[in-house]
Amino acid sequence: MISTRRRYLALPVLTVLFAAVSCSSSEEVAVPSPKGAAARYCKALHKELPSTVDGLKRGTPEPVSDFTAIWGDPAVKLRCGVPKPDVLTYGSEHYNPRADAAEVNGVEWLFEKQDDGYRFTTVLRKAYVEVTVPGKYAPEVDVLTDLGSAVKKTVPTGV
């Protein structure tokens, strides 16, 4: 038989466990600050983003923003309206907008290897969309198949 004292001690432990589980769907994401048309495209994209990517459920980034989204734990992070990647800057020794890019479902993405996974950034679009995918989800490119239609629908081609 469990004493009354033990039942009361178990309650705070359960509360802490539930709090830890409920916080796991939120992760801090740096919010970009696009202006003008890019901001409008990003807000439209945010409304079209899927509830799952590669089977991962959508969470809530901190702070909440129309320019960011996350899925899974560890989080796949999307940021819309990021600056042009340095490797795409004319005059850069690496300049070639298609050299390290691949098309996935009609959207071209620059891919950059990170310490743990990949960062993908759209190219040849009116706003830059960045998706960071942890190595846990290898092949990391798979998440892009679920994002392509939303990007194509809301972020027009062009530079």
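Colleague: What covers the buried residues of α2?

Modeller: This is a predicted model, so keep that in mind. The cover over the buried residues of α2 includes β6, β10 (128-134) and α3 (142-154).

Colleague: And which residues of α2 are the buried ones?

Modeller: Ala-38, Ala-39, Cys-42 and Leu-45. Looking down the helix axis, the buried residues of α2 sit within an arc of 120 degrees, so they line one face of the helix.

Colleague: What's exposed on the other side of α2?

Modeller: Arg-40 and Lys-47 are exposed there.

Colleague: Why would residues three or four places apart point the same way?

Modeller: Because an α-helix has 3.6 residues a turn.

Colleague: How far apart are the end C-alpha atoms of α2, and what should the helix span?

Modeller: They are 19 Å apart. With 13 residues (36-48) at 1.5 Å a residue, α2 should span 18 Å, so the two agree.

Colleague: OK, zooming out. How many helices and strands are there?

Modeller: The protein has 3 helices and 10 strands. In sequence order the pattern reads α-β-α-β-β-β-β-β-β-β-β-β-α.

Colleague: What share of the residues is buried?

Modeller: 36% of the 159 residues. The exposed surface comes to about 9500 Å², with carbon and sulfur atoms supplying 55% of it.

Colleague: Now the core. Which residues have the most contacts inside the largest one?

Modeller: Trp-71, Leu-78, Trp-109 and Val-131, in a nonpolar core of 28 residues. At least two residues each come from α2, β5 (68-71), β6, β8 (107-114), β10 and α3. The biggest giver is α3, with 5 residues.

Colleague: Which residues does a second, separate core include?

Modeller: That one has 6 residues, including Leu-88, Leu-110, Val-123 and Tyr-128.

Colleague: Back to Leu-78. What does Leu-78 touch?

Modeller: Leaving out residues up to four places away in sequence, its contacts include Leu-45, Leu-49, Trp-71, Val-131 and Leu-147. Phe-67, Val-129 and Glu-130 are also among the residues Leu-78 touches.

Colleague: Switching to Arg-79. Buried or exposed?

Modeller: Buried: Arg-79 has a relative accessible area of 18%, and the cut-off for buried is under 20%. You'll find Arg-79 in strand β6 (residues 76-82).

Colleague: What does the side chain of Arg-79 reach?

Modeller: The backbone oxygen of Ala-30, at 3.0 Å. Not counting residues up to four places away in sequence, Arg-79 also touches Val-29, Phe-67, Tyr-128 and Glu-130, among others.

Colleague: Where is Glu-130?

Modeller: In strand β10. Glu-130 counts as buried too, at 11% relative accessibility. With residues up to four places away in sequence left out, its contacts include Lys-77, Leu-78, Arg-79 and Arg-119.

Colleague: And Val-29, where's that?

Modeller: Val-29 is in the loop between β1 (26-28) and α2. Its relative accessible area is 3%, so Val-29 is buried.

Colleague: How far apart are Val-29 and Phe-67?

Modeller: In sequence, 38 residues; in space, 9.9 Å from C-alpha to C-alpha. As for contacts beyond four places away in sequence, Val-29 touches Pro-61, Glu-62, Pro-63, Thr-68, Ile-70, Lys-77 and Arg-79.

Colleague: Last one: what share of contacts joins residues at least 24 apart?

Modeller: 55%, among contacts between residues at least 6 apart in sequence.

Terms used: Residues numbered from 1 in each chain as written. Predicted model: local features only at pLDDT ≥ 70, side-chain atom pairs only at ≥ 80, totals over all residues. Heavy atoms only, no water. Helix = DSSP H or I, 4+ residues; strand = E, 2+ residues; numbered from the N terminus. Buried < 20%, exposed > 50% of the residue type's maximum accessible area, 1.4 Å probe, protein only. Polar contact = N/O pair within 3.5 Å; in protein donor to acceptor, adjacent residues only side chain to side chain. Contact = heavy atoms within 4.5 Å. Expected span 1.5 Å × (residues − 1). Arc of directions from axis to C-beta. Areas by Shrake-Rupley, 256 points an atom, 1.4 Å probe, with all protein chains shown as cover. Core = buried A, V, L, I, M, F, W, Y, C linked by side-chain atoms within 4.5 Å.
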